[in-house]
Amino acid sequence: MVQIVVIWGLTAITAAVIGGLLAGFKKRDYSFWMAWSFMFPPSVLLLLVLPPLHRRPRRPTLDDEDAAEV
C-alpha cells in the first residue's frame, strides 16, 4: 500500500513540474496548470493539445480588484 502512495506522489510531483514548464512554453498561467497537473496528472495531456497563446494574460493587480469591488 505504501508503494502505491509513493508512486502516486512521485507521479503527481513530476506531472506538476512538467505542467508548469509546458505552460510556460505555451504562455499560459503556470500556477494554474501546475496545480491541476498535481491534482489530476492526465491534465498535462490536455495542455499538450492546447495551442500556445500569443501573449500571457495579465493578472489584475490588487488595486484593480479593489476598484472593481466598489
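Which helix does Val5 lie in? Select Val5 and you land in helix H1, where helices (H or I, at least four residues) and strands (E, at least two) are DSSP runs numbered from the N terminus. Before going on, note that this is a predicted model, in which local features need pLDDT of at least 70, side-chain atom pairs count only at pLDDT 80 or more, and totals for chains, interfaces and linings use all residues. Residues are numbered from 1 along each chain as its sequence is written, and side-chain values use heavy atoms, with hydrogens and water left out.

**Stop 1: the whole chain**

Colour by secondary structure and you will find 4 helices and 0 strands, in the order α-α-α-α along the sequence. The radius of gyration is 16 Å, well over the 11 Å that the globule rule gives for 70 residues, so the chain is more spread out than a compact globule. Here the radius is taken over C-alpha atoms, and the rule is 2.2 Å times the number of residues to the power 0.38. If you draw a box along the principal axes, the C-alpha atoms fill roughly 50 × 30 × 15 Å.

The chain exposes about 5,700 Å², with carbon and sulfur atoms supplying 72% of it; accessible areas come from the Shrake-Rupley method with a 1.4 Å probe, and for residues only the protein chains shown count as cover. Buried residues make up 21% of the 70 in the chain, where buried means under 20% relative accessible area, exposed over 50%, and partly exposed in between (1.4 Å probe, protein chains only).

Next, pick out the charged side chains: 7 are positive and 6 negative, and the centres of the two sets lie 18 Å apart. Lys and Arg count as positive and Asp and Glu as negative, while His and the chain ends are not counted. Each charge is placed at NZ of Lys, CZ of Arg, CG of Asp or CD of Glu.

**Stop 2: along helix H1**

Select residues 2-25, which form H1. At 1.5 Å a residue, these 24 residues should span 34 Å, and the end C-alpha atoms are 35 Å apart, which agrees. The expected span is 1.5 Å times one less than the number of residues.

Back at Val5, the side chain is exposed, with a relative accessible area of 54%.

Which residues of H1 are buried? Show Ala12, Ala15, Ala16, Gly19, Gly20, Leu22 and Ala23. The buried residues of H1 pack against helix H2 (30-39) and helix H3 (43-49). For contacts, the criterion is heavy atoms within 4.5 Å. Among contacts between residues at least 6 apart in sequence, 52% join residues at least 24 apart.

Gly24, also in H1, is partly exposed at 30% relative accessible area. Leu53 is 29 residues from Gly24 in sequence and 10 Å away in space, C-alpha to C-alpha.

**Stop 3**

Step on to Lys27, in the loop between H1 and H2. Its phi is positive, about 55°, although Lys27 is not a glycine. Lys27 is partly exposed, with a relative accessible area of 37%.

**Stop 4: helix H4**

Finish at Glu65 in helix H4 (residues 62-69). Is Glu65 buried or partly exposed? At 38% relative accessibility, Glu65 counts as partly exposed.
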